[in-house]
Every structure is written in structure tokens, then in C-alpha cells.
Amino acid sequence: MNEKKDRTELNRKVIAILKSHIAQKGLKQSDLLRLCREKGYSLNQSELSRILSNSISLSLYPILALADVLEIDPAVFMFEDQRTPIATMSGISFFAILVFN
């Protein structure tokens, strides 16, 4: 039987991952917004603030935009059992994201 996956808890986990990468890179919200603009994403200060404070439920667009500007694989947000390693180089695993229609 599958365990229940609570939306609020999943949001919290994704935000924790985002915040960790933001901190590792020493970025501020203004830096993220600038990077988003430079890459063509339309994310505004209010939306980013609500995302990082866990005030709104996340959608795919900001997750992919932030993953792109933070230069992280969006697969880090997936459950480990849904990640499929496609290659390993120098101890780093690269994953494909399984998409179901």
C-alpha cells in the first residue's frame, strides 16, 4: 500500500531543498529574480517571497525556473523511488525524470 503524501509536507520539502541551494550559492531573493529575468522567466518578488515562505502551493513553472537559475537537476525534487539513474561520473549520479501520461 502506498503511503499518503501530504501536499503541505511535500511543499515544505521542496522549499527546504530550494533554500539549501540558495544558501549554498550565497544568493538573495533579488539575485534569484535577476537570474530569472536574465533567463527569460517571469517570476516576481511577491511570488518568490510567497514560495520561499511556504505561503502558496508550488506549481511546476516556478520550480523549473528556480531549478534552472540555481543550476540544479529538477529530479532532486522527486521521490527517490521515482528517480532513475542514467549515468554516474566521478561519483555523481545523473537522473532521468519519469513522466507518466
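These are my notebook entries on a predicted model, looked up element by element.

**Entry 1: the overall layout**

I began with the element count: the protein has four helices and two strands. Reading from the N terminus, I get the order α-α-α-α-β-β. Of the 101 residues in the protein, 27% are buried. I also checked how far along the chain the contacts reach. Among contacts with a separation of 6 or more, 45% join residues 24 or more positions apart.

**Entry 2: helix 2 against helix 3**

How do helix 2 and helix 3 cross? I took helix 2 as residues 29–38 and helix 3 as residues 45–52, and their axes come within 10 Å, crossing at roughly 125°. Angles from 65 to 115 degrees count as roughly perpendicular and those over 145 as roughly antiparallel, so helix 2 and helix 3 end up oblique to each other. The handedness of this crossing is right-handed.

Then I looked up who meets whom. Helix 2 brings Gln29, Leu32 and Leu33, and helix 3 answers with Gln45, Leu48, Ser49 and Leu52. Sorting the residues of this contact by type gave me four nonpolar, three polar and no charged.

I noted a general point on helix geometry here. An α-helix has 3.6 residues a turn, so residues three or four places apart point the same way.

**Entry 3: the buried side of helix 2**

Which residues of helix 2 are buried? My list reads Asp31, Leu32, Leu33, Leu35 and Cys36. An aspartate is on that list, Asp31. For the cover over these buried residues I found, among others, helix 1 (7–24), helix 3 and helix 4 (60–69). After helix 2 comes Gly40, with a positive phi near 90°.

- Cys36 sits in helix 2 and has a relative accessible area of 0%, so it is buried. Leaving out residues up to four places away in sequence, Cys36 touches Tyr41, Leu43, Leu66 and Val69. With Leu66 the C-alpha to C-alpha distance is 7.4 Å, across 30 residues of sequence.
- Leu35 also belongs to helix 2. Setting aside neighbours within four places, Leu35 is in contact with Leu27 and Val69. Leu35 and Val69 are 34 residues apart in sequence, yet their C-alpha atoms are 6.0 Å apart.

**Entry 4: the nonpolar core**

Next I went for the largest nonpolar core, which has 20 residues. Which of its members touch the most other members? I got Leu32, Leu48, Leu66, Val69, Leu70 and Phe77. Helix 1, helix 2, helix 3 and helix 4 each supply at least two residues of this core. In general, nonpolar side chains in soluble globular proteins tend to be buried together.

Not counting residues up to four places away, Leu66 touches Leu18, Leu32, Cys36, Leu43 and Leu48.

**Entry 5: helix 1**

Asn11 is in helix 1. Is Asn11 buried or exposed? Its relative accessibility is 10%, and under 20% counts as buried, so Asn11 is buried. Beyond residues up to four places away in sequence, I see Asn11 touching Asn54, Ile56, Ser57 and Leu58.

Lys19 is in helix 1 too. At 42% relative accessible area, Lys19 is partly exposed. I looked up its C-alpha distance to Leu52 and got 7.4 Å, for 33 residues along the chain.

Most residues other than glycine have a negative phi, so I went looking for exceptions.

- Asn54 is not a glycine, but its phi is positive, about 60°. I found Asn54 in the loop between helix 3 and helix 4. With a relative accessible area of 30%, Asn54 is partly exposed. Asn54 is also one of the residues that Asn11 touches.
- Glu71 is not a glycine either, and its positive phi is about 55°. Glu71 lies in the loop between helix 4 and strand 1 (83–89). Its relative accessible area is 65%, so I log Glu71 as exposed.

Definitions and conventions: Residues numbered from 1 in each chain as written. Predicted model: local features only at pLDDT ≥ 70, side-chain atom pairs only at ≥ 80, totals over all residues. Heavy atoms only, no water. Axes fitted to C-alpha atoms, helices over the stretch in contact; angles between N-to-C directions. Parallel < 35°, antiparallel > 145°, perpendicular 65-115°, else oblique. Left-handed = near helix turned anticlockwise from the far one by under 90°. Contact = heavy atoms within 4.5 Å. Nonpolar A, V, L, I, M, F, W, Y, C, P; charged D, E, K, R; others polar. Buried < 20%, exposed > 50% of the residue type's maximum accessible area, 1.4 Å probe, protein only. Core = buried A, V, L, I, M, F, W, Y, C linked by side-chain atoms within 4.5 Å.
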